[in-house]
Amino acid sequence: YENADNQQNKLLAAYVIAMRDLSKQIGCAFIDLNKAFWDAIKPFQRVAGKGINLLTGDGVHMIGPGNRLMAHQILKGLGVSEPELAKLGY
């Protein structure tokens with residue numbers, strides 16, 4: 001959920017660390033979508049208030065802004081440049 005204090009998000013943070021470590025061990029790319037999401041959600045919630053979703057409709061399933069942020073981060077992580085992302089509308 002879009003609630004940093006939620007127990008599931010605390011568990012997810014540990015999973016992200018494990019995935020980052022594993023990606024280093026096996027030499028594959030790691031794109032930290034969780035960090036990107038929280039980098040967007042936290043400033044939004046400081047203004048809009050906690051409990052207002054920015055990226056999801058129900059706290060779990062992405063809506064337009066969440067899908068857009070996810071696509072942007074994945075393309076960026078795969079090496080697409082910022083000028084190219086801008087051309088794509090990201």
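Tutor: Let us begin with contact, which means heavy atoms within 4.5 Å. Among contacts in the protein chain between residues at least 6 apart in sequence, 40% join residues at least 24 apart. This is a predicted model, in which local features need pLDDT of at least 70 and side-chain atom pairs count only at pLDDT 80 or more, while totals for chains, interfaces and linings use all residues. Residues are numbered from 1 along each chain as its sequence is written, and side-chain values use heavy atoms, with hydrogens and water left out.

Student: How do you know how many helices and strands the protein chain has?

Tutor: Helices (H or I, at least four residues) and strands (E, at least two) are DSSP runs, numbered from the N terminus. By that rule the protein chain has 4 helices and 0 strands, and its elements run α-α-α-α from the N terminus on.

Student: What makes a set of residues the largest nonpolar core?

Tutor: A nonpolar core is a set of buried Ala, Val, Leu, Ile, Met, Phe, Trp, Tyr and Cys residues joined through side-chain atoms within 4.5 Å. The largest one here has 6 residues, namely Leu 33, Phe 37, Trp 38, Ile 41, Leu 55 and Leu 69. Helix H2 (residues 33-48) gives the most to this core, with 4 residues. Beyond four places in sequence, the residues that Leu 55 touches include Phe 37, Ile 41 and Leu 69. In soluble globular proteins, nonpolar side chains tend to be buried together.

Student: Why is the pairing of Lys 50 and Asp 5 called a salt bridge?

Tutor: A salt bridge is a side-chain nitrogen of Lys or Arg within 4 Å of a carboxyl oxygen of Asp or Glu. The N to O distance between Lys 50 and Asp 5 is 3.5 Å, and the pair is a salt bridge. Lys 50 lies in the loop between H2 and helix H3 (64-77) and Asp 5 in the segment before helix H1 (7-26), so the pair ties together parts that are 45 residues apart in sequence. With a relative accessible area of 66%, Lys 50 is exposed.

Student: How many salt bridges does a search of the whole structure find?

Tutor: The search finds 5. One of them joins Arg 20 and Asp 32, whose closest N and O atoms are 2.5 Å apart. Here Arg 20 is in helix H1 and Asp 32 in the loop between H1 and H2, 12 residues apart. Arg 20, at 27%, is partly exposed, whereas Asp 32, at 18%, counts as buried. Lys 76 and Glu 82 also meet in a salt bridge, at 3.9 Å from N to O.

Student: What makes the charged end of Arg 68 sit over the ring of Tyr 90?

Tutor: The criterion is that NZ of Lys or CZ of Arg is within 6 Å of the ring centre and within 35 degrees of the ring normal. The charged end of Arg 68 is 5.1 Å from the centre of the Tyr 90 ring and sits over it.

Note on methods
Buried < 20%, exposed > 50% of the residue type's maximum accessible area, 1.4 Å probe, protein only.
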